Amino acid sequence: MKMLFKIVVGAVIATGLLLGSTASAYEEGDWLVRVGVGNVDPKSSNGDVVSVDSGTALVFNGTYFFSPNVGLEILAATPFSHDIKAVDGGSKIGETKHLPPTFSLNYHFDTAGAFKPYVGGGLNYTLFFDEEIAGDSSLSLDGSFGLAAQLGADIDISDTMFVNAAVRWIDINTDAKVDGSLVEEVEIDPIVFSLTLGWKF
């Protein structure tokens, strides 16, 4: 599933590079709204004791343009669900959900076609909840503030509708505690792939 998702995102970006049709540029005051699917893929070996698996969920975001090139994006999502596994043996020992609201300032490059690439950076806050662990113990994962960076592209379907593919890196570190005692700091630091349908207003 993860590999298929990456292939689809890559194919959408590659298709956009081949498009040469002209389309309307972004302007100050424009709004973009996107809805689609996202996959959070934590780095491998993200913990010495426990590790966090990938998760997929519905994502949505909005961008407001302060100028034709600069926009502020707010990323939100329905909860991502992740399995938590023991590094020793790889067996599932629990699960958690998280929400990853992210604010990014994006620079959109001037192009003459339907393919509109951009880069951005900003801040993320990750909230973990509904943590569960096997047995009678309790698991908690602290919230995380961190930096975020992204590379993406809008590919116009019409003057007001487009497809978006984006890749983000998010700095997510959390203290994993069992029965209130610290087990370890888990460096999740995921790559987030998203494929969405968008509208310009």
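A salt bridge is a side-chain nitrogen of Lys or Arg within 4 Å of a carboxyl oxygen of Asp or Glu. That rule is used in several of the views below. The model is predicted, so local features need pLDDT of at least 70, side-chain atom pairs count only at pLDDT 80 or more, and totals for chains, interfaces and linings use all residues. Residues are numbered from 1 along each chain as its sequence is written, and side-chain values use heavy atoms, with hydrogens and water left out.

**View 1. The whole protein.** The protein has one helix and 14 strands. Helices (H or I, at least four residues) and strands (E, at least two) are DSSP runs, numbered from the N terminus. Of the 201 residues, 42% are buried. Buried means under 20% relative accessible area, exposed over 50%, and partly exposed in between (1.4 Å probe, protein chains only). The accessible surface comes to about 9,600 Å². Carbon and sulfur atoms hold 63% of that surface. Areas come from the Shrake-Rupley method with a 1.4 Å probe; for residues, only the protein chains shown count as cover. Among contacts between residues at least 6 apart in sequence, 65% join residues at least 24 apart. Contact means heavy atoms within 4.5 Å.

View 2. The side chains of aspartate 156 and lysine 116 form a salt bridge, at 2.2 Å from N to O. Aspartate 156 lies in strand β10 (residues 144-156) and lysine 116 in strand β8 (residues 115-133), so the pair ties together parts that are 40 residues apart in sequence. Both aspartate 156 and lysine 116 are buried. Which ring does lysine 116 lie over? Lysine 116 lies over the face of tyrosine 26, at 5.5 Å from the ring centre. A charge sits over a ring if NZ of Lys or CZ of Arg is within 6 Å of the ring centre and within 35 degrees of the ring normal.

**View 3. Aspartate 142 and lysine 177.** A salt bridge joins these two side chains, at 3.7 Å from N to O. Aspartate 142 lies in the loop between β9 (139-141) and β10, and lysine 177 in strand β12 (residues 173-178), so the pair ties together parts that are 35 residues apart in sequence. Aspartate 142 is partly exposed because its relative accessible area is 27%. Lysine 177 is partly exposed too, at 26%.

View 4. Arginine 34 and glutamate 73 are both buried. Salt bridges that share partners join Arg34, Glu73, Asp154 and Arg168 into one network.

View 5. Serine 104 lies in strand β7 (residues 102-108). Is serine 104 buried or exposed? Serine 104 is buried, with a relative accessible area of 3%. Leaving aside neighbours within four places in sequence, serine 104 is in contact with Gly71, Leu72, Glu73, Gly121, Gly122 and Gln150.

View 6. The structure holds five aromatic pairs. Rings of Phe, Tyr and Trp (its six-membered ring) pair if their centres lie within 6.5 Å; planes under 30 degrees apart count as stacked, over 60 as edge-to-face and the rest as tilted. The tryptophan 31 and tyrosine 64 rings have centres 5.1 Å apart and planes at 55°, so the pair is tilted. This pair links distant parts of the chain: tryptophan 31 in strand β1 and tyrosine 64 in strand β3, 33 residues apart. Tryptophan 31 is partly exposed, at 44% relative accessibility. Tyrosine 64 is partly exposed, at 27%. Tyrosine 64 also pairs with phenylalanine 66, edge-to-face, at 5.3 Å centre to centre and 85° between the planes. Phenylalanine 66 is partly exposed, with a relative accessible area of 46%. Trp31, Tyr64 and Phe66 form one aromatic cluster.

**View 7. A nonpolar patch on the surface.** Trp31, Val33, Val35, Leu58, Phe60 and Phe201 form this patch, with about 560 Å² of accessible area together. The elements that give two or more residues to the patch are β1 (31-41) and β3 (55-65). Which element gives the most? β1 does, with three residues. Patches are made of residues with over 30% relative accessible area and no salt bridge: like charges are joined within 9 Å, nonpolar side chains (Val, Leu, Ile, Met, Phe, Trp, Tyr) within 5 Å. Leucine 58 lies in strand β3. Leucine 58 counts as partly exposed, at 41% relative accessibility.
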